[in-house]
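Hi,

Here is the structure I said I would pass on.

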Amino acid sequence: MSCNISDIVADETLFQEIQRGDEKAFDVLFLKYYPSLCAYAQRFVEYDDGQEIVQDVMVWLWENREMHTFEISPKSYLFKAVKNRCLTLISRNEIKQKIINTLYDNQQLEYEDPDFYIVEELSRKIEEALQRLPDSYREAFELNRFQHMTYGEIATCLEVSSKTVDYRIQQALKLLRVELKDYLPILLAIL
């Protein structure tokens, strides 16, 4: 990135022409710095990512040409912008990787846990047993256990007495105990 005065003046002249909307001046600037900016970006990120970053910087420069002034030379600005975007990409990738690793580790622990498979099987068996209950028993049971409704609320909802709700839930529990008797020791161990 060595600079001489004539390069700085030429770049500033090119940029002034770019600010006036001269596409040919932009093409000259782009072709002049694209290869070296890509090589510079490769110090930080993969080549493909570096090319994309350089293109983004150049497009941004063109789109914001009218409002942009440089406190440093255009060349220095381009290299600094590329470096900053590379560092931003690295930071985003690190955060993304941490999230992926955390999710993967949690998922692995879940699937490596033998209880996961037992719970999955038990959940399926409970669902099947619930489906085999008489509709009135299942409805009262599900309203109580899954929707946390009181016997009084269920009685109002179903237009029956609280005693009827109590009877239906008790019958549902008896039938479920019979259906799931082989899984009760597992269920108690898990809970």
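Predicted model: local features only at pLDDT ≥ 70, side-chain atom pairs only at ≥ 80, totals over all residues.

Salt bridges first. The structure has three of them. In one, the side chains of K32 and D11 meet, at 2.7 Å from N to O. K32 sits in helix α2 (residues 23-41) and D11 in helix α1 (residues 5-19), so this pair ties together parts that are 21 residues apart in sequence.

Another salt bridge joins E179 and R132, whose closest N and O atoms are 2.6 Å apart. E179 belongs to helix α8 and R132 to helix α5 (residues 114-132), so here the parts tied together are 47 residues apart in sequence. E179 counts as partly exposed at 38% relative accessibility, and R132 is exposed at 52%.

Then there is D135 with R138, where the closest N and O atoms are 3.0 Å apart. This one stays within helix α6: the two residues are three apart, which means they are separated by about one helical turn. D135 is exposed, with a relative accessible area of 54%, but R138 is buried, at 17%.

Now the helix pair. How do α7 and α8 pack? Helix α7 (residues 151-158) meets α8 at an angle of about 105°, and their axes are 8 Å apart. The two helices are therefore roughly perpendicular to each other. On the α7 side the contact is made by Y151, G152, I154, A155 and L158, and on the α8 side by S162, V165, D166, R168, I169 and Q170. Sorted by class, that contact has six nonpolar, three polar and two charged residues.

R168 deserves a look of its own. It lies in helix α8, which covers residues 162-179. R168 is buried but has no salt bridge, and the nearest side chain of opposite charge, E139, is 5.5 Å away. Setting aside residues up to four places away in sequence, R168 touches S136, Y137, A140, L158 and V160.

Finally, N144. You will find N144 in helix α6 (residues 135-145), and it is buried, with a relative accessible area of 14%. Apart from neighbours within four places in sequence, N144 is in contact with M149, Y151, I154 and I169.

Cheers

How values were computed:
Residues numbered from 1 in each chain as written. Heavy atoms only, no water. Helix = DSSP H or I, 4+ residues; strand = E, 2+ residues; numbered from the N terminus. Buried < 20%, exposed > 50% of the residue type's maximum accessible area, 1.4 Å probe, protein only. Lys, Arg positive; Asp, Glu negative; His and termini not counted. Salt bridge = Lys/Arg side-chain N within 4 Å of Asp/Glu carboxyl O. Contact = heavy atoms within 4.5 Å. Axes fitted to C-alpha atoms, helices over the stretch in contact; angles between N-to-C directions. Parallel < 35°, antiparallel > 145°, perpendicular 65-115°, else oblique. Nonpolar A, V, L, I, M, F, W, Y, C, P; charged D, E, K, R; others polar.
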